[in-house]
Every structure is written in structure tokens, then in C-alpha cells.
Amino acid sequence: MPLGILFREELSEYDFGPGHPFRGDRYEFFPGVLKEYLLPTDYQIIRAEPATRGDLLLICDEAYIDFTTEYYEAARLGLGYSGPFHRYHSEDNRPFGRPGKLEEAARLVIGQAKEASDLVQTGALEKAISIGGGLHHAKRAYGEGFCLYNDVAFAAVYLKRKYGLERILILDTDAHAGNGTSDYFYEDNQVLFIDLHQDPHTLYPGTGFVSQIGSGTGRGFNVNIPLPPGAGHESYKLVFESIVEPLVHEFGPQIIIRNGGSDPHFSDQLTHLGLPVSGFHMIGEKTRQLATLCEGKVIDLIASGYNREVLPYAWMALISGLAGIILPLRDPEEKPGRVDPEPLTETKLVIADVERELRPYWKCFAV
């Protein structure tokens, strides 16, 4: 069964304006990259419809939707808006100059998550990839980290409500901790949230510590794995084998939602991890292997990355790993000295801390 890739040209409107780290041009070259590396029989492009207001209300407060819609439309038109911006968004969500149709593109990202959920859960597709997805910092009434609406959370909430799923795995491999997604499911034992990210002492959003394991019935189901700066292929491999794979096998998910793009790469401009392109293929491959526990069902959400030269190679490595395809991908830059050698000793200490925190809740970590 070919991969379903949800993509529309209008995603390029997800653009915070000239000079902002998140520009819409990351989507303009994507169709060409697909054609360069994959055969037409490997995938199909699917055009989803934008989310409705009713869809957004599954994960957002009404006042937040209203403000976000009105503010970003005014910004696109070059108009002032007197509403209380900081009540609803962090400063990094403020556009530079004239942005694209940000709010409309954000609705499209949610629409793609909805379509991907339907296609995979009904069996029309085994695996669906939403390009532009993974906006994991957005919360119910607050947008931050370049994220307006959280499609990761939407997919999980939607799958629970429409299809009655009770065991959903969210695997977040973005370099930044998924603080918004964590907030949605912090007290939920039907969603296992596993988040691999750079140590929050050293990177935005400053949360995602080992001790943040959930609360109430969700205690033990919020799993943070904060990696030391420079952590690369061997660190990620060790984390998957020591933490992720045992947890997922014990949990037994009915579906996997993975999110994250190229920002763990060693030459990303906003982060300080050490993953080479081969490491992204490994993440995709590990996700594909874990999906054998749930009839191959995966929803994959890809958007992040802040080095234009690296981004297409890392995205294609994720996609090819998920599809089980070997591609001749390479790192466009040499690995800098700051991430060599890899900090495996520090990674092992993090693994030991995670196991200790989770031991009361998971048999796989019993002494």
C-alpha cells in the first residue's frame, strides 16, 4: 500500500513574514523533492480540506479562535489590531512585516490531521504523512513556538472521540519539547506521550524534564527524554532500544502519531543536537517497526527544521524510513567539532533517570 502524503500548495501561506525563522518557502520545493527521490507508485498526494470551526473547538477555546482569526487576518492586510496579543500568543508568534495567510494555513494543517486520521483508521491507508504538521507548542487558549493550532493533539482527541480509541501513542521527535501536546494529555492514561528533545535547560520551551511524568490517572504516561546537546545517532538508537521500544510494547498502541522534522540535525540553526541524516531514517524505520503492534497504522506529521540545506534530506530520510525504502541521502554539511564526540555517557545517565521515574508505573523497567 503506497504512502498517503497530505499536501497542498497553500501550506506555503504558513509564513510569519520576512526575517522570521519560520517561512512558508519550506513547502515550495517539497513536490520536486518527492519526485526526485520516490517513484510514483511509492506514494499518493492527498488534498485535504481546511478544518471547520467545529473541528477547532475540539482543541481550542472559542475566544482564542476568534482572536487568532482576526489578528492574523489584520496582520496579513498590514492593518493594526488592538486586541490583547499577549493574552493569546507569545512574542515569537508575532509576525514580521506582512505574513502569509497564517490562520487559514493553520486550519489546513488541522484539516490534514483529520483526513489522515480518517484514512488510516478506516483502513484506506496504512500510513499517512501530513506535511506542515507537528505544531506541538500550541495550547487550548495560547499559541507559542510558531504554532497556532496543535494538530498533534487534534489527531489524538479526534481519534478518541470519533473512533473510541483507548491506546494512542504520540512519539514526538522534534528537538523542542512538545509542551502544548503534553498539556492536553497530562492527566490522560489513554495517550502515551513520549517526547525526545534537547535538554530544556539549554533550549526553548524550558520544559520537558524527566520528572514531568503526568498527574492523576495520567501519571507515568507523560515520558520526557531530555537529550544532552550533541546527542546523535548512537544516543537516539540507545534511547529507542532502552526506553521507547520497551514502553511501546508494554502499552500496545492502537495507532501511532509521530511528529517532528529536521531540527535535531547537527547543523540546525536553532538547536544543538547532533543527529545526522541517517539518524532521521532510523527514526522513521523504528516508527515503522513499532507500528507492527498496531496493524501498521501511523500518522506522521512533519514541518520543523531551520536549515534550508538540510531540511529536504532529513524529511525524505524520515519518510523513506517509515516506508521501508533505502534512498541515497547524504548530509549536505560536515559534522562540526562541537558535536563530536557524541555524549553517550550523558545520554546513559538520562536513560537511567527516566527508568527510575517510570519504574513504579511500567513493568518493563522493574528491577
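1. I begin with Glu49, which counts as exposed at 56% relative accessibility; here buried means under 20% relative accessible area, exposed over 50%, and partly exposed in between, with a 1.4 Å probe and protein chains only. The model is a predicted one, in which local features need pLDDT of at least 70 and side-chain atom pairs count only at pLDDT 80 or more, whereas totals for chains, interfaces and linings use all residues. Residues are numbered from 1 along each chain as its sequence is written, and side-chain values use heavy atoms, with hydrogens and water left out.

2. The partner of Glu49 is Arg8, and the two side chains form a salt bridge with an N to O distance of 3.6 Å, the term standing for a side-chain nitrogen of Lys or Arg within 4 Å of a carboxyl oxygen of Asp or Glu. Arg8 sits in the loop between strand 1 (3-6) and helix 1 (30-37), while Glu49 belongs to the loop between strand 2 (43-46) and helix 2 (53-56), so that the pair links distant parts of the chain, 41 residues apart; helices (H or I, at least four residues) and strands (E, at least two) are DSSP runs, numbered from the N terminus. In contrast to the exposed Glu49, Arg8 is buried, with a relative accessible area of 12%. Both residues also belong to a network of salt bridges that includes Glu9, Glu10 and Arg47.

3. Over the whole structure, 24 salt bridges are found. One of them joins Lys286 to Glu245 at 3.0 Å, N to O; because Lys286 lies in helix 9 (residues 277-290) and Glu245 in helix 8 (residues 233-251), this pair ties together parts that are 41 residues apart in sequence. Lys286 is buried at 11% relative accessible area, and Glu245 is likewise buried, at 18%.

4. Another salt bridge pairs Arg94 with Glu91, with the closest N and O atoms 2.9 Å apart. Arg94 is partly exposed, its relative accessible area being 26%, and Glu91 is partly exposed as well, at 44%.

5. How many disulfides does the model contain? The count comes to 0, a disulfide being a pair of cysteine sulfur atoms within 2.5 Å. For Cys60, the nearest cysteine sulfur is that of Cys147, 12 Å away, and Cys60 is buried at 3% relative accessibility. Cys364 is also in no disulfide, the nearest cysteine sulfur being that of Cys294 at 17 Å; at 30% relative accessibility, Cys364 counts as partly exposed.

6. His176 is placed in the loop between strand 4 (168-172) and helix 7 (179-185), and it is buried, with a relative accessible area of 8%. Leaving aside neighbours within four places in sequence, His176 has contacts (heavy atoms within 4.5 Å) with residues including His136, His137, Asp195, His197, Asp263 and Tyr306.

7. The largest nonpolar core has 123 residues, where such a core is a set of buried Ala, Val, Leu, Ile, Met, Phe, Trp, Tyr and Cys residues joined through side-chain atoms within 4.5 Å. Its largest share, 10 residues, comes from helix 5 (residues 102-121). Among the residues with the most contacts inside the core are Tyr14, Ile131 and Ile257. Beyond its neighbours within four places in sequence, Ile131 is in contact with Ile5, Phe7, Phe30, Gln112 and Trp315, among others.
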